[in-house]
Amino acid sequence: MSLTLTVHRGTREIGGSCIEIAHPDGARLVLDAGRPLDAPVGASGLLPASLDRVKPATVLVSHPHQDHHGLLHELPKDWVVWTGQASARLIAISEKMAKTSAPRGLRTWTSRGAPLRFGPFTVTPILTDHSAFDAYMLLVEGAGRRILYTGDFRRHGRKSSLVDALIARPPKEVDVLVCEGTNLGTDKPTATEAELEGEFAALFRRTRGRIFVAWSGQNIDRTVTLYRAAKRTGRTLVIDLYTADVLDRIADGTKLPRAGFPNLKVVVTAGLRTFYVVQGREEFVSRMVPHGVAARNVPADAVVMIRRSLIRDYSRAGLHPTKDDAFNHSMWRGYLKEAYYAEPLEWCRAGGAKLAYLHTSGHASSDDLRAFAAAMSAKVVVPVHGQNWDAQGHGFDAIHRLGDGEPWVLQ
Ligand SMILES: [Zn+2]
Ligand SMILES: [Zn+2]
């Protein structure tokens, strides 16, 4: 008797990840319960129909991105959910922002990677490099088989040495590698965060006025990159209250920049201040105020965070882009099709700001994906989290292609 692997969603798409590993004695693990990236805002009932919700399961969330945890609130309430310590805090922030139903309590593992026991399974979380902070690969052992799930990863971020170390000393005798393939067959930029820092520093040097930057407040690597580039060029990085909240919850005991650091200010805007006060978090806001700056006082040479919800507060305070300024969308280019992401760009363009595009992907390049899979030398590779696996499977040994919801008993 062997393990049964079912990819409920993600064999042919990016996001909505949901993978089940069942033991012959009936115990089950569910790796990720992600929201499909193309699900309309407000849509519900999105869990894959093939996921049996009657039999109990233990859920492990690889990292705090919506496409991996966004359906947790749809799972049966008695299913226990585990994730990393910082991940749990970041997921709680996202659930507050998304206003999904009451967030459930999450149990947590530490980033040190001690193996965990779940009935007949042993799971080792392996901290990895990704645009989400506190992201893990998961090594699952049971019934004499070993499955390594990559989650989402890359090898060019600020934690790339973790992936290098795994490639140098891979887990022994992996039967199945469940591998993400986001960037297969794409030309997404995969410069290192360190290279990106240099490019930002150059942009900051050649820009006379402010640089408005749109990036995800939960992309901690990018916050660090922007902060370091600002410091190198004598500028101040101005983050919003949301990004300050993210850093406030995870930075303790780390070297991560946060409120109170030099060359860093928190812009205290009416909209976000109200958001936190309504949540009963006046204490957080009042802690940020001494490190804050009103929108009307943002320095003329600052690097300023911009997102759609900040435009109104900035405009009312007289903080406008000018022809001396620059704008940079530091996220996937495809998001610009959505008004939420396009509006900050249009607002800056209308003010005469020069447009730049400095970004690097949160996912491994095609070459790094192939090098990683080769080093793991699993007997079988099961493709997930990619759209181009069928055309780009070369260079991966022994691919076993599954369909969504198709159970596969490991040999
Ligand atoms: Zn993902
Ligand atoms: Zn991700």
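Along the chain, the donors of the zinc ion (ligand 2) follow the spacing H-x1-H-x64-H-x21-D. The structure is a predicted model, in which local features need pLDDT of at least 70, side-chain atom pairs count only at pLDDT 80 or more, and totals for chains, interfaces and linings use all residues. Residues are numbered from 1 along each chain as its sequence is written, chains are lettered from A and ligands numbered from 1 in the order in which they are written, and side-chain values use heavy atoms, without hydrogens or water.

His63 (NE2), His65 (ND1), His130 (NE2) and Asp152 (OD) coordinate the zinc ion (ligand 2) at 2.2 to 2.4 Å. Donors here are N, O and S atoms within 2.8 Å of the metal (3.2 Å for Na, K and Ca); water is not among the atoms, so sites may look incomplete. Aspartate 152 also coordinates the zinc ion (ligand 1), and the two zinc ions are 3.5 Å apart. Histidine 65 lies in the loop between strand 4 (58-60) and helix 1 (66-69), and aspartate 152 in the loop between strand 10 (145-149) and helix 3 (160-168), so the pair ties together parts that are 87 residues apart in sequence. Helices (H or I, at least four residues) and strands (E, at least two) are DSSP runs, numbered from the N terminus.

Aspartate 152 is buried, at 1% relative accessible area. Histidine 65 is partly exposed, at 24%. Buried means under 20%, exposed over 50%, and partly exposed in between (1.4 Å probe, protein chains only).

Threonine 83 belongs to strand 5 (residues 80-84). Threonine 83 is buried, with a relative accessible area of 0%. Its side chain reaches the backbone oxygen of valine 61 at 2.9 Å.

How values were computed
A polar contact is a pair of N or O atoms within 3.5 Å; within protein, one must be able to donate a hydrogen and the other to accept it, and residues adjacent in sequence count only if both atoms are side-chain atoms.
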